[in-house]
Amino acid sequence: MPLKLVRPTWLRRVDWYILALLGTVGLAAVLPAEGKSADAVGTATTVAIGLLFFVYGARLSPQAAFSGLRNWRLHLPILGVTFLLFPVLGLVVTALPTSVLGAELATGLLFLCVLPSTVQSAVAFTSLARGNVAAAICSSSFSSLLGVFLTPLLAAALMQGGSAGGVRFSAGQALSIVVLLLVPFGLGQALRPWIADRLARHRRITMVCDRGSILLVVYSAFSQGVNAGIWGRLSPGRLCVLLGLCVLLLALVLTSITWVTKRLGVGHEDRVTIVFCGSTKSLASGLPIASVLFAGTDVGLAVLPLMLYHTLQLMVCAALARRWNSPAVREEQQSVPSPAPAVG
């Protein structure tokens with residue numbers, strides 16, 4: 001009888017994706033891409049991003065994306081938190097004196113606040129916490145699609161001039177985003193009838209494209225930052241302030257979502273969906289857009305707030321999902337009667 005190896009509990013709880021992100025940053029700090037290798041990494045990154053959005057387009061069913069939009073009690077709070085509350089909080093942060101964060105980090109924090117919600121993480125956490133998975137897929141997919149248009153527009157409107165540094169959103173940048181993101185997405189939608197079933201059977205393809213493209217963009221961005229000497233300009237104190245602001249931002253958003261869901265009287269499944277779809281920010285969408293918006297500048301500093309917040313949201317949401325999936329919470333939810341459906 002063959003021996004069955006059992007991994008320790010602490011090893012099963014290790015998030016290898018977070019470790020891979022941190023390892024990629026460390027690799028860029030020690031061995032940044034320079035010269036021809038930087039050009040090769042840039043080309044590979046562009047191809048990976050295009051492939052990622054092609055796979056997204058092939059997997060996303062238009063019917064599934066818009067079928068749940070009638071549930072306004074769920075989707076409006078998510079979109080309101082993602083594209084209204086977050087930008088307002090970002091403007092409050094950028095109103096701080098420049099000496100607190102510096103123009104580049106303040107710009108990056110505000111850019112974080114105008115990004116759409118993540119798809120795979122939100123859906124995975126919703127499933128783990130016994131939330132409304134179908135609604136999570138619909139809402140996060142629609143948020144990501146909407147973010148391709150809204151994020152550059154919000155970034156241009158909120159970041160021009162002022163203490164946040166300033167981003168000039170030109171027609172060339174808009175064309176770059178269309179070519180890099182929308183064209184592959186549209187091609188995937190066009191070929192969906194022929195390849196969607198195969199992708200559904202091989203979900204690892206999407207995971208490799210998703211995480212692989214993120215790691216490539218992170219390595220490319222931080223290589224540029226290292227070559228530009230960003231770590232020499234970023235003090236440990238300022239890094240701690242940035243981390244504290246990311247923690248505060250996530251705490252304020254989670255508190256606001258809790259208050260809104262109580263006021264709306266939504267049930268446990270929808271509350272879980274709103275929490276995970278409303279509080280998370282997409283690294284997969286944010287890094288490609290950042291590479292266009294901040295081209296020629298310190299991309300590494302601009303995406304550092306997103307990197308920190310993304311890591312933080314994974315850890316906090318994983319803890320919440322495990323808590324809501326605990327036997328005690330399941331028993332408590334089963335004893336609570338479902339709320340009456342909304343009229344109209």
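Predicted model: local features only at pLDDT ≥ 70, side-chain atom pairs only at ≥ 80, totals over all residues.
Helix 13 spans residues 236-264 and helix 16 spans residues 299-324, and their axes come within 10 Å of each other. The angle at which they cross is roughly 45°, and helix 13 and helix 16 are therefore described as oblique to each other.

The residues that make this contact can be picked out on both sides. Helix 13 brings L239, L242, L243, C246, V247, L249, L250 and L254, while helix 16 brings L304, P305, L308, Y309, L312, Q313, V316 and L320. Sorted by class, the contact of helix 13 with helix 16 has 15 nonpolar residues and one polar residue, with no charged residues.

The structure holds one cavity of 30 Å³ or more, and the largest cavity has a volume of about 60 Å³. Ten residues line the largest cavity. Of these, T94, L96, P97, T98 and A106 lie nearest its centre.

Which helices supply at least two residues each to the lining of the largest cavity? They are helix 5 (72-94), helix 6 (98-101) and helix 7 (103-113). By class, the lining of the largest cavity has six nonpolar and four polar residues, and charged residues are absent from it. The contact of helix 13 with helix 16 likewise has no charged residues.

Note on methods:
Residues numbered from 1 in each chain as written. Heavy atoms only, no water. 1 Å grid on protein atoms, 1.4 Å probe; cavity = no way out; pocket = protein on both sides within 12 Å on 5 of 7 lines; lining within 4 Å. Points joined across faces, edges and corners; volume = space filled by probe spheres on them. Helix = DSSP H or I, 4+ residues; strand = E, 2+ residues; numbered from the N terminus. Nonpolar A, V, L, I, M, F, W, Y, C, P; charged D, E, K, R; others polar. Axes fitted to C-alpha atoms, helices over the stretch in contact; angles between N-to-C directions. Parallel < 35°, antiparallel > 145°, perpendicular 65-115°, else oblique. Contact = heavy atoms within 4.5 Å.
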